[in-house]
Amino acid sequence: MASETLASIFTDVARTTSTHRRSAANMRKLLLGINSIQKKQQFYVEFVSALARILSTKPSDSEARRVVEFLIAELPDSVQDATDSLITFTLKTLVPGLRSKDKNVRFRVAQIVAVGIRYLNGMSDDFCHLIESHLITRIRDKDAAVRYHIARALCFLETFVEDNDAKNIQKALETMLQDPSGEVRHAVLASRIWDIVGKIQLIVPHIRDVYPSARVEAYTKLAQLINLSTLRFEEREYIIKSGLGDRDKAVRTACVTLLRSQLKEVELIPYLESFDVVNSKELPNVIEAFLENDLRDFVPDINWDELTGSLALFMRCYAKFCKKAKDEEKLESVMPTLTQHADNLKMYMDAFDRAEKKMRPEIEFVVDQLLQITEYLDFDDEIGKKHLLEFLREKAHKRGRHQRFFPAIIKIFKKLSFDDFDFSRNVVDIIYSLADENDGKPLDLKSHLLCLRIIKCYLQLSETSLTENTLLGGLLRRFIIPALESDQDDMTTIALECMGLIGCLDKNFAKDNIKVFLHVFNDAPEEVQLKALQILLDLMTLHGDILTEEETSAFISVALESDVYEILECAIYGSCKLFLLNVLKNEELLLKLLHLYFGPITIDQPAIQQCMTYFFPTFAYSSAAHMTLLSKVAVNALCTLTISQEDNEEMVSPAVIAQHLAEWTDPRRLLKPEVNLSTHVTVALNILQRLVEHSSDASLSKILFQMLGGLYLGADLKKAEVTEILFWCQNLQKNLFDGPSFNEKVKKISVGEDVEADEIEAVVEPANKTGSVADSEEEEEEE
């Protein structure tokens with residue numbers, strides 16, 4: 001009677017969740033009505049038997065899912081004091097099922113074991129070791145779902161084990177932390193084990209985990225375990241940068257929670273001072289995160305005469321935050337007027353010029369923040385503008401340590417000037433005043449570099465070309481060209497950048513001087529060579545036709561073959577842009593890009609791989625001309641890459657390469673499909689020609705046949721194209737190549753209504769009577 005009642009309870013539980021509460025009450029009554037140990041034992045056996053019915057069900061089975069939900073939600077309350085003994089008996093009986101050959105059984109047993117351990121109040125040492133031994137044997141189970149529940153079970157089990165006896169579980173969980181499944185890694189990261197062992201070096205790598213929930217859990221765990229101020233500078237920067245820069249909002253929120261947990265009762269400014277304010281690149285992001293979350297309504301009370309580095313940084317971030325939120329009222333309430341700001345700049349710049357070496361870095365940082373704050377002030381104040389302009393002119397015409405602020409000062413000049421000519425006049429006046437301090441003597445290296453840096457900053461902000469701005473010609477002759485002829489790499493690099501900026505403003509100048517950049521690229525040291533390459537690619541991206549196709553192909557080809565990673569990366573990025581802009585149309589360069597993408601050279605370069613992963617489909621599908629160009633080199637690329645793959649097992653397999661190339665040359669995938677585009681016809685003809693001319697390579701031929709079978713020739717195949725296909729088919733038949741297999745491949749190709757399929761079949765049918773290289777290869781593999 002009891003078994004029938006228990007069976008009916010489980011039947012109701014499996015049918016619907018709406019009866020779970022009632023079923024739990026019935027189970028409670030049933031269990032409380034048992035008086036003898038023998039009957040209780042019988043109840044346990046019947047309970048396990050009822051559970052056994054769901055063991056072989058698939059993970060997605062709805063009835064089994066409802067039974068497990070019942071165990072999680074209702075079972076602990078339903079059996080009250082008898083919980084531990086019932087769960088212990090159930091786990092002892094079911095845990096050997098973890099060794100089952102049926103993955104469904106292993107999954108369900110692991111799931112029930114994880115649920116059972118979670119609700120145990122205590123556990124004997126023998127029982128604990130029994131469960132531990134069974135669980136640890138499955139940490140490398142083939143099924144990720146099984147490993148997930150194993151991880152959860154081990155995490156729950158670890159709470160019952162003394163710290164000294166938990167080494168095996170800790171080791172198992174550390175192993176599972178490297179599991180390929182994100183859900184498994186997340187389950188392990190949530191374990192209490194990290195509170196005990198404190199191995200944060202195992203957690204930190206998972207803040208960049210590919211699984212978002214694992215990243216969130218990593219930051220949650222770090223918030224409980226670490227004090228950011230005690231970490232090394234590099235570690236702290238890495239943690240903050242990874243979290244606040246994450247694309248997933250939940251991860252960013254978890255990182256802010258970590259930062260907030262460090263505050264506790266400490267105020268923000270003292271908290272910021274615990275960091276390396278001067279050298280940290282991530283601290284502004286921390287302040288912005290606090291302003292957007294906890295300090296949205298915060299209005300600081302500040303004494304501008306007593307600025308520290310952390311306070312100056314906070315005020316700069318606060319000004320940026322108010323400007324972004326368009327809260328001009330709040331911004332004006334805390335920011336000084338332009339006149340007051342000019343006085344503040346004067347005070348701190350003078351202090352910097354007088355400061356001892358130990359104090360300079362922080363004062364320099366304060367001045368830099370004040371100069372950036374200028375951008376957010378009210379420029380409607382004409383008196384203040386005049387006062388600030390006079391002060392900056394005075395400072396700019398004098399030598400001193402404050403010269404390192406000249407680039408920032410030039411940006412302020414741009415904002416204070418009436419127009420581009422007024423801006424040019426002010427800056428050129430400063431440059432010549434600095435040069436004239438040498439009393440007509442040639443400029444020393446330090447002064448020349450300073451003038452070039454000012455010119456570079458000026459050109460970055462200028463908007464007029466060389467022909468429209470006569471002042472540029474003087475700067476070019478007196479400062480830039482002599483520096484270009486210098487044997488100092490620093491000076492040559494800045495001079496090149498200045499010429500490149502002028503070239504961006506003036507196409508004729510770029511065209512007249514392009515050979516200079518080519519010469520530097522071919523003959524200069526690596527650092528200068530990289531800068532010349534960047535300028536060449538930028539000018540071509542901007543102006544397009546400043547070099548002939550042969551000249552363009554020549555220098556890019558050299559760059560794509562470089563052994564220097566930075567040059568190779570720059571060349572790939574630039575080439576991709578130029579192909580997309582139709583500036584490059586060279587088949588050989590496109591072939592090289594395919595080799596670099598699929599080949600061994602860039603396998604370990606994720607940035608380059610990501611760039612080309614976006615480039616190739618975008619290039620192919622954006623226009624018919626692009627896809628046509630790609631179709632011409634696809635087979636050549638596949639053949640050379642297949643040969644290369646024989647010597648490098650880490651490369652992408654030829655079958656995958658063929659699949660990509662077939663997709664990228666499929667005319668149906670164009671953003672604006674063209675009915676008559678014959679890109680797959682081109683690929684098919686190149687495959688047939690390759691099969692005929694290089695019939696000795698059986699492995700390559702097999703790949704080509706596979707690719708051929710997936711091509712789409714369309715419904716409007718021209719007679720000339722059919723004739724050419726038939727010609728190569730006849731030659732292929734003579735070479736005794738895979739007649740039956742090829743015949744089947746041809747039948748798969750849609751050739752349109754005006755093409756007789758019998759024509760192609762008639763050509764390849766006689767080959768059915770002969771053997772083939774591909775067939776013999778397959779037979780050898782089977783043997």
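## Salt bridges between separate parts of the chain

A residue is called partly exposed when its relative accessible area falls between the buried limit, under 20%, and the exposed limit, over 50%. In this predicted model, Lys-414 is partly exposed, with a relative accessible area of 24%. Its salt-bridge partner is Glu-463, and the closest N and O atoms of the two are 3.8 Å apart. This pair links distant parts of the chain, 49 residues apart: Lys-414 belongs to helix H24 (residues 406–416), while Glu-463 sits in the loop between helix H26 (445–461) and helix H27 (470–484). Glu-463 is exposed, at a relative accessible area of 61%.

The structure holds 27 salt bridges. Another of them joins the side chains of Arg-185 and Asp-209, at 2.6 Å from N to O.

Asp-327 counts as partly exposed at 26% relative accessibility, whereas Lys-330 is buried, with a relative accessible area of 15%.

Lys-395 lies in helix H23 (residues 382–396) and is buried, with a relative accessible area of 10%. Its side chain makes a polar contact of 2.8 Å with the side chain of Asp-350. Leaving aside residues up to four places away in sequence, Lys-395 touches Met-349, Asp-350, Asp-353, His-402 and Phe-406. Salt bridges that share partners join Lys-395, Lys-346, Asp-350 and Asp-353 into one network.

Helix H2 (residues 20–32) has 13 residues and reaches 18 Å from its first C-alpha to its last, close to the 18 Å expected at 1.5 Å a residue. His-20, Ser-23, Ala-24, Met-27, Leu-30 and Leu-31 are buried in H2. These residues cover an arc of only 125 degrees around the axis, which puts them on the same side of H2. In an α-helix there are 3.6 residues a turn, so residues three or four places apart point the same way. On the other side of H2, Arg-21, Arg-22, Lys-29 and Leu-32 are exposed.

## Cysteines

The structure holds 0 disulfides. The closest cysteine sulfur to that of Cys-611 is in Cys-576, at 4.1 Å, which is too far for a bond, as a disulfide requires the two sulfur atoms to be within 2.5 Å. Cys-639 is buried, with a relative accessible area of 1%.

Terms used
Residues are numbered from 1 along each chain as its sequence is written. This is a predicted model: local features need pLDDT of at least 70, side-chain atom pairs count only at pLDDT 80 or more; totals for chains, interfaces and linings use all residues. Side-chain values use heavy atoms; hydrogens and water are left out. Helices (H or I, at least four residues) and strands (E, at least two) are DSSP runs, numbered from the N terminus. The expected span of a helix is 1.5 Å times one less than its number of residues. Buried means under 20% relative accessible area, exposed over 50%, partly exposed in between (1.4 Å probe, protein chains only). The arc is that of the directions from the helix axis to the C-beta atoms. A polar contact is a pair of N or O atoms within 3.5 Å; within protein, one must be able to donate a hydrogen and the other to accept it, and residues adjacent in sequence count only if both atoms are side-chain atoms. Contact means heavy atoms within 4.5 Å. A salt bridge is a side-chain nitrogen of Lys or Arg within 4 Å of a carboxyl oxygen of Asp or Glu.
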